[in-house]
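Trainee: I have a model open and would like to walk through it with you. Can we take it piece by piece?

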Amino acid sequence: MTWKAFQNRCAAIAENKIFTDIIIGLILLNAIIVGLETYPAINQRYAASLYWIDAVLLIIFMVEIMIRIIGSYSLAHFFKNPWNVFDFVIVAASILFVGSNYVIVLRIFRILRVLRAISIIPSLRKMVNALLLTIPSMGNIMILLAIFFYIYAVIGTMLFQSIAPDHFGSLHRTLLTLFQLITLDSWATGVMYPILEETSIALIYFISFILIGAFVIINLFVGVIVNNVEEANRENQPTPTDLKLEAMDKELKEIKALLKEDVQKKATEE
């Protein structure tokens, strides 16, 4: 078998749906094994078996990456895709840390192999790409949120520093408290009510923060994400208008071809 034929065979294997489904299944198996190792009783009893299963999985993933690299015909073509770079880094790092003293780092990279399911499954990959597109759009919202947080943090520290030092004792404590408030985690019973017993101005402070922060600014984030996801789906799935325009363009090309053929036929007869 020539090298070119071998490359074509590797490319066919890498694009085969059965091959992809097997890799997805092995990634899920890897996730289950790493999860089982968090139980001391299971880890102590089946440590050797879990170790060898993980080693076999790592070898399979290494072979898979090699097949995809060879099937890409060149390293430049393979690493041109960011998802390929991601897969290569995860598998290569897992290999580099095998047998090292950095056990925690090795375990982290082993569980990070589960993220490879994103690069393997097209629908997940499409969703992540859509989310990445939202990052530039969030710049102005992040600036607005930072200004909003800073203003309320300074005001909250000045107003409630002596009343609730645990939550508003310093600027950084207040920022952490505001982060808790914006998640709506025990914002009333845990934070507002104890302070409200000491001063009534707390009602205005907390209600205004929740209304502006949780219900307005956070919804801006959601709106940007939803809008970009819809745009990404629209690019991959043509609208009925796009399909009609494509059909009209095809018909025009056929009409032009018929007219050209008719003109050539008349010119031949003359």
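Trainee: Where is the place of R68?

Mentor: R68 sits in helix α4, residues 47–71, where helices (H or I, at least four residues) and strands (E, at least two) are DSSP runs numbered from the N terminus. Before we go on, note that this is a predicted model, in which local features need pLDDT of at least 70 and side-chain atom pairs count only at pLDDT 80 or more, while totals for chains, interfaces and linings use all residues. Residues are numbered from 1 along each chain as its sequence is written, and side-chain values use heavy atoms, with hydrogens and water left out.

Trainee: Does R68 count as buried or exposed?

Mentor: R68 counts as buried, because its relative accessibility is 13%; buried means under 20% relative accessible area, exposed over 50%, and partly exposed in between, with a 1.4 Å probe and protein chains only.

Trainee: What is R68 in contact with?

Mentor: Leaving aside neighbours within four places in sequence, R68 is in contact with A14, F78, N84, D87, R116 and I120, contact meaning heavy atoms within 4.5 Å.

Trainee: And A11, what is that in contact with?

Mentor: With neighbours within four places in sequence again left aside, A11 is in contact with G71 and Y73. The C-alpha atoms of A11 and G71 are separated by 3.8 Å, although the two residues are 60 residues apart along the chain. A11 itself belongs to helix α1, residues 3–15, and counts as buried because its relative accessibility is 11%.

Trainee: Changing topic, how do α10 and α12 cross?

Mentor: The axes of helix α10 (residues 139–160) and α12 come within 9 Å and cross at roughly 120°, where axes are lines fitted to C-alpha atoms, for helices over the stretch in contact, and angles run from 0 to 180 degrees between N-to-C directions. That angle makes α10 oblique to α12, since angles under 35 degrees count as roughly parallel, over 145 as roughly antiparallel, 65 to 115 as roughly perpendicular and the rest as oblique.

Trainee: Which residues make that contact?

Mentor: From α10 they are L145, F149, Y150, Y152, A153, V154 and T157, and from α12 they are L171, T174, L175, L178, F179 and I182. The residues of this contact of α10 with α12 divide into 11 nonpolar, 2 polar and no charged, with Ala, Val, Leu, Ile, Met, Phe, Trp, Tyr, Cys and Pro counted as nonpolar, Asp, Glu, Lys and Arg as charged, and the others, Gly among them, as polar.

Trainee: What about α9 and α10, at what angle do they pack?

Mentor: Helix α9 (residues 122–137) and α10 pack at about 60°, with their axes 5 Å apart, and they are therefore oblique to each other. I135, P136 and S137 in α9 meet G139, N140 and I141 in α10, and the residues of that contact divide into 3 nonpolar, 3 polar and no charged.

Trainee: Where is L184, and what is its phi?

Mentor: L184 lies in the loop between α12 (171–182) and α13 (187–196), and has a positive phi of about 65° although it is not a glycine. Most residues other than glycine have a negative phi. S186 lies in the loop between α12 and α13 as well, with a positive phi near 50°.
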